[in-house]
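This report walks through a two-part reading: first the contact between chains, then selected residues. Have the sequence and the model at hand.

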2 protein chains.
Amino acid sequence: VFRVTWDLAQAEKEGYAHFMLKEIHEQPKAIRDTLSGRLEGNRVVFPDLKLSPTELAAVEKIHIVACGTAYHAGLVGKAAIERLARVPVDVEVASEYRYRDPLLTEKTLVIVISQSGETADTLAALRESQRRGAKVLGIVNVVGSSVAREADDVLFTWAGPEIAVASTKAYTAQLVVLYLFALYLAELRGTLSEAERAGLVAALQALPEQTEAVLGLAETMKGHAESVASATSLFFIGRGLDYAVAQEGSLKLKEISYIHSEAYAAGELKHGTLALIEDGVPVVALATQPNLLDKMVSNITEVKARGARVIALAMTGEAELAKTVDDLILLPPTDPLLAPVLAVVPLQLFAYHAAVARGLDVDKPRNLAKSVTVE
Amino acid sequence: VFRVTWDLAQAEKEGYAHFMLKEIHEQPKAIRDTLSGRLEGNRVVFPDLKLSPTELAAVEKIHIVACGTAYHAGLVGKAAIERLARVPVDVEVASEYRYRDPLLTEKTLVIVISQSGETADTLAALRESQRRGAKVLGIVNVVGSSVAREADDVLFTWAGPEIAVASTKAYTAQLVVLYLFALYLAELRGTLSEAERAGLVAALQALPEQTEAVLGLAETMKGHAESVASATSLFFIGRGLDYAVAQEGSLKLKEISYIHSEAYAAGELKHGTLALIEDGVPVVALATQPNLLDKMVSNITEVKARGARVIALAMTGEAELAKTVDDLILLPPTDPLLAPVLAVVPLQLFAYHAAVARGLDVDKPRNLAKSVTVE
């Protein structure tokens with residue numbers, strides 16, 4: 001059983017209609033707190049990490065293992081670690097990983113991610129990995145949780161108590177820890193120039209304020225959410241990091257609005273799912289990655305041609321996108337690698353308002369528990 | 001442009017209502033032809049393979065890259081290669097792989113899979129991999145296609161011409177080639193005992209006849225298909241290899257029936273999708289893997305408790321399953337690793353009959369092309 005260990009005052013709604021809405025708005029603070037004490041100038045420092053720089057520099061392979069939203073954070077973590085530190089990363093859902101006899105060597109680092117630190121499958125994957133001789137690093141929000149106690153090393157997210165079943169601030173805080181870890185590993189391995197690291201650190205430090213700005217989209221997203229509230233099917237599409245965020249946006253919508261939404265790698269649409277696109281089907285298109293923008297415009301054009309109603313999120317490319325999509329939401333400019341932090345926020349608001357518009361119990365969706373402590 | 005190079009007589013329906021149905025029924029022959037000439041006693045032989053045993057034994061990592069149905073075959077290939085030859089495998093959709101700056105070394109083998117050999121993203125991934133110095137092995141159905149010409153090595157599937165947009169016999173033939181390749185690699189690397197190899201070879205040789213037997217389920221699957229024909233949402237669930245097959249079953253249904261179906265790793269349901277399960281939602285549960293049967297029974301019980309109507313496919317466990325599910329389909333016994341070949345056939349029939357029941361153009365679903373030769 002999972003116990004909330006913070007005091008009651010912290011666990012109140014403070015004027016918000018739901019815990020989920022409160023927690024969405026706590027993200028600037030969660031990001032700031034998670035960065036706090038971990039940057040010295042342009043360097044990432046992890047004062048409590050027990051894994052030595054030598055051990056970490058010798059890592060040849062990383063497995064990230066998690067469930068649900070934490071798994072989606074892992075997908076972004078893979079991109080960050082591979083791009084910055086050039087270590088290959090596999091990301092796998094814990095309920096699959098633990099039973100599939102994964103190939104581990106003494107040079108494999110296993111990273112498990114869990115808000116509660118009590119997710120049953122994740123905990124089982126942690127134990128199985130240790131049994132096979134791998135070191136396990138936990139990324140956890142709840143101090144004193146099983147994952148925090150049993151992992152060889154822990155990097156905490158400082159998101160504070162998360163009460164709503166649908167995870168929001170824990171996800172963005174997980175992303176921040178993964179970015180920090182990727183930068184730390186990159187420095188140890190010498191895979192990133194000083195200037196690149198400085199640029200990313202500056203971009204990380206700008207995130208709390210930028211997230212605050214993105215929260216200003218609440219009314220806009222409420223309007224979009226109300227316009228899809230009666231849809232029976234909805235698709236999120238994206239490429240690269242946007243596909244990772246699309247999966248999280250889709251899960252958010254699904255779990256609290258009960259609309260059957262699905263995320264697709266935009267390039268895969270033509271291999272089947274395009275058949276489901278007909279007049280009026282809502283499609284949320286993520287197009288935050290400048291190097292993939294042309295390809296996304298082409299995929300958006302395809303779904304538009306079949307009658308989809310497209311809401312797009314982007315950072316740049318206003319000119320190309322504005323004439324292609326029905327609604328365009330522009331995010332503040334950041335390094336494309338960090339875009340997921342800003343892109344997920346409107347999607348959280350979208351899911352929240354869709355559920356409210358459908359008159360559902362946002363904080364306690366049917367059939368779901370906050371921490372999945374059974375298998 | 002993709003040209004069918006077989007003659008017209010071969011491309012006729014031979015009394016079947018649709019090419020797809022004909023091709024489903026050609027699977028015993030496609031499997032037999034694909035095995036033909038590649039087994040000598042208990043050993044796999046690839047007379048035309050240019051990659052030397054030394055080169056193959058030195059491979060430390062395999063990337064399988066493909067789109068759509070071929071990608072789903074790759075998921076099964078990963079399990080087979082990792083389990084039998086103990087080489088770690090990543091499987092990725094080509095439209096993602098080609099843009100993500102994959103980490104390749106001279107010890108990485110890239111396998112691309114494509115029925116037509118003309119899939120634009122797959123071909124681009126092949127070229128990108130070669131540019132980065134990797135050897136590429138193609139698994140292809142069409143002789144003389146671009147992938148067949150440009151890959152460093154080719155293993156053909158001998159499925160014959162596939163005309164229906166929804167791929168069926170090409171998929172099962174791809175599975176067979178991947179099993180053969182996994183066995184071949186296992187022998188080179190000495191990771192499998194003679195007895196284990198003999199058992200698997202015998203099981204492979206039994207597949208054509210067993211597939212023929214599974215085709216006898218056509219009427220049963222027609223009944224199930226008609227019972228879901230008016231559903232707006234449907235879920236396929238499974239674990240391990242069953243999850244891979246679930247993804248293929250879901251894609252098949254989606255592309256020709258336009259029912260919004262989605263495949264889920266059964267253990268992930270509790271992390272969100274369970275919220276979508278309510279009275280009468282059809283769930284197809286794959287439970288062919290004996291070592292995961294208990295866990296599947298538990299997941300099936302969860303969805304049943306929320307009102308789902310469950311059709312299950314299994315090889316064993318009749319006693320536990322019969323009292324849990326609404327309908328149970330039993331497959332002939334084979335090695336669990338080969339179960340996907342037999343499990344996919346009823347799902348193909350299910351998709352086919354659902355599309356027919358909905359009065360749709362089975363062979364030419366809206367919005368889709370047979371070979372995706374644009375990006």
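Buried means under 20% relative accessible area, exposed means over 50%, and partly exposed lies in between (1.4 Å probe, protein chains only). By that rule Cys67(A) is buried, with a relative accessible area of 6%. Cys67(B) is buried too, with a relative accessible area of 6%. A disulfide is a pair of cysteine sulfur atoms within 2.5 Å. A search of the whole structure finds zero of them over all chains.

This is a predicted model, in which local features need pLDDT of at least 70, side-chain atom pairs count only at pLDDT 80 or more, and totals for chains, interfaces and linings use all residues. Residues are numbered from 1 along each chain as its sequence is written, chains are lettered from A and ligands numbered from 1 in the order in which they are written, and side-chain values use heavy atoms, with hydrogens and water left out.

## Where the chains meet

How many residues does the contact take from chain B and from chain A? It takes 58 residues from chain B and 58 residues from chain A. Contact means heavy atoms within 4.5 Å. The area buried between chain B and chain A is about 4800 Å². Carbon and sulfur atoms give 50% of that area. Leu103(B), His260(B) and His271(B) supply 14% of the area that chain B buries against chain A, more than any other three residues. Buried area is the accessible area (1.4 Å probe) that two parts lose on being put together, summed over both.

Between chain B and chain A, 28 residue pairs are in polar contact, both residues at pLDDT 80 or more. Several elements of chain B give two or more residues to the side that touches chain A, among them α4 (68–85), α11 (241–257) and α12 (293–305). β9(B) gives the most, with five residues. By class, this side of chain B has 23 nonpolar, 14 polar and 21 charged residues. Here Ala, Val, Leu, Ile, Met, Phe, Trp, Tyr, Cys and Pro count as nonpolar, Asp, Glu, Lys and Arg as charged, and the others, Gly among them, as polar. A polar contact is a pair of N or O atoms within 3.5 Å; within protein, one must be able to donate a hydrogen and the other to accept it, and residues adjacent in sequence count only if both atoms are side-chain atoms. Helices (H or I, at least four residues) and strands (E, at least two) are DSSP runs, numbered from the N terminus.

## Salt bridges

A salt bridge is a side-chain nitrogen of Lys or Arg within 4 Å of a carboxyl oxygen of Asp or Glu. The whole structure holds 51 of them over all chains. Across the interface of chain B and chain A the rule finds eight. A network of salt bridges links Arg86(A), Asp101(B), Glu128(B), Arg131(B) and Arg132(B).

| Pair | N to O |
|---|---|
| Glu278(B) and Arg366(A) | 3.4 Å |
| Lys107(A) and Glu60(A) | 3.6 Å |
| Lys252(A) and Glu255(A) | 3.0 Å |
| Arg309(A) and Asp327(A) | 3.1 Å |

Lys252(A) and Glu255(A) both lie in helix α11 of chain A, three residues apart, about one turn of the helix. Lys252(A) is buried at 1%, and Glu255(A) is buried at 4%. Arg309(A) in strand β11 and Asp327(A) in strand β12 of chain A are 18 residues apart, and their pair links distant parts of the chain. Arg309(A) is partly exposed at 23%. Asp327(A) is partly exposed at 23%.

## Two buried residues

Ser114(A) lies in strand β5 (residues 108–114) of chain A. Its relative accessibility is 1%, so Ser114(A) counts as buried. A polar atom of the Ser114(A) side chain lies 2.8 Å from the backbone nitrogen of Gly117(A). A polar contact of 2.9 Å joins the side chains of Ser114(A) and Thr119(A).

Leu349(B) lies in helix α14 (residues 339–357) of chain B. Leu349(B) is buried, at 0%. Not counting residues up to four places away in sequence, Leu349(B) touches several others, including Leu21(B), Leu217(B) and Met221(B).

## Backbone angles

Most residues other than glycine have a negative phi. Glu14(B) has a positive phi of about 50°. Glu14(B) is exposed at 55%. Asp101(B) has a positive phi of about 55°. Asp101(B) is partly exposed at 34%.
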